[in-house]
Amino acid sequence: MGRGGLVIDQFGRSIEYLRISVTDRCNFRCVYCMPEHGLDWLPRADILTYEEIADVVAQLAPLGLKRLRITGGEPTIRPDLVTLIGMLKAVPGIEDIALSTNGVKLPDMSAALKAAGLDRVNMSADSLRADRIAAIARRRVPFDPVEAADAAHAAGLDPVKINVVVMRGINDDEIEDFARLTLDHPFHVRFIELMPVGEMANLTWNHVVPSEEILTRIRTVGPLAPHTGPERGNGPAAYHQLEGAQGTIGVITPMTHTYCGTCNRVRLTADGRLRTCLYGDHQVNLRDPLRAGIPLKPLFVQALADKPKEHNLLQMQVGGLKALSQVGG
Ligand code: SAM
Ligand code: SF4
């Protein structure tokens, strides 16, 4: 299975990137992600402790795991997240730790997260207007996404990527404003096609804005060229840059293209299930063996052998998912 220290799955993809969900809970209820009344939250005892998460990572690192992303739910609402970052950074072989967050806590937490070993951050922001942020998140939290991203960058988290889920008739009139942000901020703004999965507030295929349309609208802001700088992420975005801009623009197109052929990621849910594909039912319970002291390596190798060739999203088979927050997006 292993080749040069890397774990290679049956389709030749090496798996060196793990997304770790540390909680299924959130301080937002984004219309495309969670029902307004929330979900059936996991019982606390089912959720991996920080020691258990670090143990999983320590057992996977010798198999080639190098990069981690901490996600949720909203990871920053789990107490002492900074402690977990420090524990993971101390695992030999872990080179890079990223965080996915809605950004609310970035002004308060960025400096401590950076000091503990966090390398970079992806912030979700679907609007730059306070009223609309509250309408999409269905929570009114006093917070300015540009200030939050600035705070992260000032703390040394780099790059700062801003993920915008584009929804026709809801926030697509801000595509140009988000693009303009890159002119005088070193942010990487990434427009994401809405994935109409799970229990979403009446969002349908009619709300999906295809990437070509997004790019056409950005070109009204100024000349847009493919960005050829060094790729500093693990993700599937195609990058562009407005003339003279500090930052870049990406589009992520889960609905109109699939990335499965180059997928290099697996996911660990908050309750310790290893999911080898975002969609579908391919998952292995690591928590119970971990708590019983059983080595995880054979389970990991088996899970990768079963990693599907591609997902079924395009056929709208979503494997019983109610929300992406349940698997960390
Ligand atoms: N709470 C953190 C955040 O919002 O960044 C991390 C978890 S969130 C589930 C991870 C990512 O999934 C976010 O960028 C969010 O925009 C994205 N996401 C959730 N539901 C989605 C959907 N239906 N379509 C597209 N992206 C979605
Ligand atoms: Fe929470 Fe992130 Fe889902 Fe929004 S996208 S409800 S912030 S988990």
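A: Two strands count as paired if DSSP finds at least two bridges between them. The model to be read that way here is a predicted one.

Q: Which residue stands opposite glycine 250 in S11?

A: Tyrosine 239 stands opposite that glycine.

Q: How many residues lie between S10 and S11 in their hairpin?

A: There are 5 residues between the two strands. Glycine 244, in the turn, has a positive phi of about 80°.

Q: In which sense do S8 and S11 pair?

A: Strand S8, residues 188–193, pairs with S11 in the parallel sense, over 5 bridges. Within that pairing, histidine 188 is found opposite threonine 248.

Q: Are the faces of S7 covered or uncovered?

A: Both are covered. Val160, Ile162, Val164 and Val166 are buried on one side, and Lys161, Asn163 and Val165 are buried on the other. Counted by residue, 7 of the 7 in S7 are buried.

Q: Which strands is S7 joined to by bridges?

A: Strand S6, residues 120–124, runs parallel to S7 and is joined to it by 4 bridges; asparagine 122 stands opposite lysine 161 there. S7 also pairs with S8 in the parallel sense, over 6 bridges. In that pairing, isoleucine 162 has valine 189 as its bridge partner.

Q: What is valine 160 in contact with?

A: For contacts, neighbours within four places in sequence are set aside; valine 160 then touches Val121, Ala149, Ala152, His153, Phe187 and His188. Alanine 149 is 11 residues away along the chain, with 6.7 Å between the two C-alpha atoms. Valine 160 has a relative accessible area of 0% and is buried.

Q: Which residues of helix H6 are buried?

A: In H6, residues 175–184, the buried ones are Ile175, Glu176, Phe178, Ala179, Leu181 and Thr182. These pack against helices H5 and H7 and strands S7, S8, S10 and S11.

Q: Which residues have the most contacts inside the largest nonpolar core?

A: In soluble globular proteins, nonpolar side chains tend to be buried together. The largest core in this model has 86 residues, and those with the most contacts inside it are Leu18, Ile20, Tyr32, Leu88, Phe191 and Ile218. Helix H1, residues 50–60, gives the largest share, 6 residues. Beyond four places in sequence, phenylalanine 191 touches residues including Val164, Val166, Ile175, Phe178, Ala179 and Ile218. Its contacts also include Ile249, Gly250, Val251 and Ile252.

Q: Are aspartate 80 and arginine 138 buried or exposed?

A: Aspartate 80 is exposed, at 56% relative accessible area, whereas arginine 138 counts as buried at 19%. Both have positive phi without being glycine: about 60° for aspartate 80 and near 55° for arginine 138. Aspartate 80 lies in the loop between S4 and H2, and arginine 138 in the loop between H4 and H5.

Q: Which residues come nearest to ligand 2?

A: Cys26, Cys30, Cys33, Gly73 and Asn102 do, out of 8 residues around the ligand. By class, the shell holds 5 nonpolar residues, 3 polar and no charged.

Q: What are the totals for helices, strands and burial in the protein chain?

A: The chain has 9 helices and 14 strands, and 57% of its 329 residues count as buried. Its accessible surface is about 13,600 Å², with 52% belonging to carbon and sulfur atoms. Among contacts between residues at least 6 apart in sequence, 74% join residues at least 24 apart.

Methods. Residues numbered from 1 in each chain as written. Chains lettered and ligands numbered in written order. Predicted model: local features only at pLDDT ≥ 70, side-chain atom pairs only at ≥ 80, totals over all residues. Heavy atoms only, no water. Core = buried A, V, L, I, M, F, W, Y, C linked by side-chain atoms within 4.5 Å. Buried < 20%, exposed > 50% of the residue type's maximum accessible area, 1.4 Å probe, protein only. Contact = heavy atoms within 4.5 Å. Areas by Shrake-Rupley, 256 points an atom, 1.4 Å probe, with all protein chains shown as cover. Near = heavy atom within 4 Å. Nonpolar A, V, L, I, M, F, W, Y, C, P; charged D, E, K, R; others polar.
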